[in-house]
Amino acid sequence: MQWVSGSAALLSGWGSEYNLDDPTVMALMANNLPTAEPARRAIFDDLRRPAYESEALPIPFGATDMGEVRALTIPPRPLMMGDGIDFPGSPMQWFAIPKRLYAMLGQWAEGDFDSDWTGPTAAPADLDDITDPNEQVDALTRAALDSVYGGAFHPGVEITWPMRHREMYALDYDDSVSRSRLFRLAVDDTRDIYTDFGPVLTPEITFDPSNRPRIIGPQTAGDLTRWMGLPWQCDAASCQAVYLPEDFPVPVWWPNLPVHVFPQQYYDLLENPDLSDAQRLAFFSARVPWVRGVGAVGYHAEGGYTNALTHMINDWDKMGFVVRRPKKPAHLDLPDEFFVEIGRKELEG
């Protein structure tokens with residue numbers, strides 16, 4: 001996140017107190033002795049409490065638990081929006097990690113775990129290097145799911161809210177599903193040419209098993225993407241960040257959509273012999289908007305929100321891609337790998 005979100009870079013990126021890329025910090029986190037509990041607890045207390053139950057009260061900015069509010073200058077982590085961004089007071093207005101993971105992290109914070117972490121392990125370079133078929137399946141599944149964070153399911157550049165219902169998956173209909181198919185969707189071969197669910201999508205309509213194709217249930221071709229924003233480029237430009245009255249930090253919508261990036265020019269400057277180490281570190285710490293030049297609220301005749309969406313549709317193929325790059329220069333205390341914006345071309349607007 002430190003490579004695509006300016007707030008993440010400043011609050012928890014390289015050089016921060018609890019930088020999880022630092023082996024020393026990770027060794028402290030893996031220690032279950034009481035002496036390490038304050039460090040574990042500090043991270044756990046920064047997490048937003050999951051509250052997706054319909055009867056749950058909304059969680060204010062400073063809340064770590066229902067009924068307990070502390071004076072915070074930043075909202076709890078993660079700094080991402082939930083499904084209910086347009087519904088003030090909704091417990092889903094902010095994204096929270098899943099309840100089961102939250103409970104496991106609570107045990108970790110209390111020291112209720114085995115201190116058996118021996119350090120990071122290198123991933124196999126090639127799928128053929130994995131000889132066990134089940135482990136190959138697990139590797140393919142992980143490759144697809146590692147970049148998925150479970151929400152929020154906005155109808156924009158990703159498949160949306162039906163994915164959180166177990167009726168969407170093959171395992172719900174056949175508990176003998178093989179290990180290789182644990183995450184497979186249930187498939188329905190029947191499909192009507194015309195589908196009309198009416199002017200308002202109610203829970204009764206959503207879960208009605210007589211609908212063909214079903215909204216929540218076995219899926220046919222095109223069922224997942226029918227809820228997405230079209231064209232998706234508009235959503236990538238408009239759902240960049242959420243500016244709060246507090247000004248900082250700036251939450252983001254998704255971890256897979258660049259917002260504030262480390263550009264190729266800054267990466268190249270890290271090895272410029274005319275720069276001092278202090279100047280190089282300053283460039284390393286800097287981020288720039290991914291949509292710079294696309295347009296936003298401006299002073300020219302066509303400036304504004306709609307103008308930005310139009311330019312994004314026209315110029316999306318000129319936007320930069322964030323890719324992995326090796327550390328440089330070697331003598332500075334910097335991460336072992338960088339994620340750099342490359343391939344950006346001159347924009348029309």
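In this predicted model, a polar atom of the Gln2 side chain lies 2.9 Å from the backbone nitrogen of Trp14. The side chain of Gln2 also makes a polar contact, at 3.1 Å, with the side chain of Asp21. Gln2 is placed in the segment before H1. Its relative accessible area is 10%, which is under the 20% limit, and Gln2 is therefore buried. Leaving aside residues up to four places away in sequence, Gln2 touches Ala8, Ala9, Gly13, Trp14, Asp21 and Arg287.

Arg287 lies over the face of Phe284, at 5.9 Å from the ring centre. The ring of Phe284 can next be followed to its aromatic partners.

A pair of aromatic rings is described by the distance of the centres and the angle of the planes. A search of the whole structure finds 13 aromatic pairs. In one of them, the ring centres of Trp3 and Phe284 are 6.0 Å apart and the planes stand at 75 degrees; because an angle over 60 degrees counts as edge-to-face, the pair is assigned to that class. This pair links distant parts of the chain, with Trp3 in the segment before helix H1 (6–12) and Phe284 in helix H9 (residues 277–285), 281 residues apart. Both Trp3 and Phe284 are buried.

Phe284 has a further partner in Phe338: the centres of these two rings are 5.8 Å apart and their planes are at 80 degrees, so this pair is also edge-to-face. Since Phe284 belongs to helix H9 and Phe338 to strand E6 (residues 337–342), the pair ties together parts that are 54 residues apart in sequence. The relative accessible area of Phe284 is 6%, so Phe284 is buried. Phe338 has a relative accessibility of 0% and therefore counts as buried.

What do these pairs belong to? Trp3, Phe284 and Phe338 are members of one aromatic cluster, which also includes Phe262, Tyr266, Tyr267, Phe283 and Phe339. Within this cluster, Tyr267 has a charged residue over its ring: Lys328 lies over the face of Tyr267, at 4.2 Å from the ring centre.

Lys328 also takes part in a feature of the backbone. A cis peptide bond joins Lys328 and Pro329, with omega at about -10 degrees. Pro329 is located in the loop between strand E5 (321–326) and E6. Most peptide bonds are trans. A cis peptide bond also joins Arg77 and Pro78, where omega is about -5 degrees. Pro78 lies in the loop between strand E2 (68–69) and helix H4 (99–109).

Another loop provides the last stop. Leu185 is found between helix H5 (133–145) and helix H6 (203–206), in the loop that joins them. Is Leu185 buried or partly exposed? Its relative accessible area is 25%, which falls between the limits of 20% and 50%, so Leu185 is partly exposed. Not counting residues up to four places away in sequence, Leu185 touches Met163, Met168, Tyr169, Ala170 and Leu224. From C-alpha to C-alpha, Leu185 and Met163 are 9.3 Å apart in space, and they are 22 residues apart in sequence.

Conventions: Residues numbered from 1 in each chain as written. Predicted model: local features only at pLDDT ≥ 70, side-chain atom pairs only at ≥ 80, totals over all residues. Heavy atoms only, no water. Phe/Tyr/Trp six-rings, centres within 6.5 Å; stacked < 30°, edge-to-face > 60°. Helix = DSSP H or I, 4+ residues; strand = E, 2+ residues; numbered from the N terminus. Buried < 20%, exposed > 50% of the residue type's maximum accessible area, 1.4 Å probe, protein only. Lys NZ or Arg CZ within 6 Å of the ring centre and 35° of its normal. Polar contact = N/O pair within 3.5 Å; in protein donor to acceptor, adjacent residues only side chain to side chain. Contact = heavy atoms within 4.5 Å.
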